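Please walk me through this model, from its central strand out to its charged pairs. Keep it short and give the cut-offs.

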Amino acid sequence: MPRGIFLIGPMASGKTAVGRELARLTGAPFIDTDAEVTGEHGSIAGIFARGGEPAFRVVEARALRRAADAADRTGAVVATGGGAVLEPANRRLLSERFTVYLETDLETVWPRISGSGGRPLLAGDPLQRWTDIFATREPFYRECSTLTIDARAATPAELAATIDDAHRRRAEQHGGTP
């Protein structure tokens with residue numbers, strides 16, 4: 001049984017902040033697939049400039065597969081990119097693991113994205129772009145998730161504690177340890 005915890009959700013939903021807190025709480029390693037991609041290939045904006053979104057999705061899928069392999073071995077907490085769910089192979093991978101959808105809305109993320117020039121998919125009208133992107137991806141987040149958590153009002157520490165508790169209960173139900 002895969003051991004890691006995967007966090008999915010729209011851009012700026014708090015996946016990295018919650019993931020770091022969850023890793024600290026559980027003593028597990030933390031992997032941020034966007035950080036893995038940028039560490040290997042440079043900025044996300046640069047990847048988009050060189051090869052467009054298709055090139056980014058290829059390297060993102062590789063990073064997710066490596067993160068899943070590491071999480072299966074170590075129990076790592078993995079924060080995924082917001083668009084990782086777009087690829088069918090990624091959705092299958094996430095559906096086979098303990099995957100938590102951090103549910104949020106535009107009102108909550110707007111302060112985090114309104115001044116962000118580093119998100120190529122939000123070029124132009126960030127408000128409308130985020131709304132359109134979310135509408136496309138939201139069914140995939142639900143499809144892949146083991147657990148959906150409202151991430152709008154809780155702190156990263158509170159969300160991490162809730163996720164840890166749910167993960168432990170699930171492991172106990174399946175006769176294992178988290």
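Contact here means heavy atoms within 4.5 Å. With residues up to four places away in sequence left out, F6 touches L64, A67, A68, A71, V78, T80, L93, L94, R97, F98, T99 and V100.

Some ground rules come next. This is a predicted model, in which local features need pLDDT of at least 70 and side-chain atom pairs count only at pLDDT 80 or more, while totals for chains, interfaces and linings use all residues. Residues are numbered from 1 along each chain as its sequence is written, and side-chain values use heavy atoms, with hydrogens and water left out.

Start with strand β1, residues 5–8. Strands (E, at least two residues) and helices (H or I, at least four) are DSSP runs, numbered from the N terminus. Both faces of β1 are covered. I5 and L7 on one side are buried, as are F6 and I8 on the other. Buried means under 20% relative accessible area, exposed over 50%, and partly exposed in between (1.4 Å probe, protein chains only).

Which strands pair with β1? Strands pair if DSSP finds at least two bridges between them. Strand β3 (residues 77–79) runs parallel to β1 over three bridges. There, A79 is the bridge partner of L7. Strand β4 (residues 98–103) is also parallel to β1, joined by four bridges. In β4, F98 stands opposite I5.

Now the core. A nonpolar core is a set of buried Ala, Val, Leu, Ile, Met, Phe, Trp, Tyr and Cys residues joined through side-chain atoms within 4.5 Å. In soluble globular proteins, nonpolar side chains tend to be buried together. The largest core has 25 residues, of which F6, I8, L94 and W130 touch the most other members. Two or more residues come from each of β1, α3 (44–74), α4 (88–95), α5 (106–113) and α6 (126–144). Another core, of 16 residues, lies apart from it and includes V18, A28, V100 and L102.

Aromatic rings come next. Rings of Phe, Tyr and Trp (its six-membered ring) pair if their centres lie within 6.5 Å; planes under 30 degrees apart count as stacked, over 60 as edge-to-face and the rest as tilted. By this rule there are three aromatic pairs. F48 and F56 form a tilted one, 5.4 Å centre to centre with 35° between the planes. Both F48 and F56 are buried. W130 and F134 are stacked, because their ring centres are 5.1 Å apart and their planes lie at 10°. These two sit in helix α6, four residues apart, about one turn of the helix. W130 and F134 are both buried.

That leaves the charged pairs. A salt bridge is a side-chain nitrogen of Lys or Arg within 4 Å of a carboxyl oxygen of Asp or Glu. The whole structure holds 14 salt bridges. R97 and D72 form one at 2.8 Å, N to O. R97 lies in the loop between α4 and β4 and D72 in helix α3, so this pair ties together parts 25 residues apart in sequence. R97 counts as buried at 7% relative accessibility, whereas D72 is partly exposed at 26%.

R152 has salt bridges with D105 (3.5 Å, N to O) and with D150 (2.9 Å, N to O). R152 is partly exposed at 37% relative accessibility, and D150 is partly exposed at 40%. Finally, salt bridges that share partners join E53, R57 and E60 into one network.
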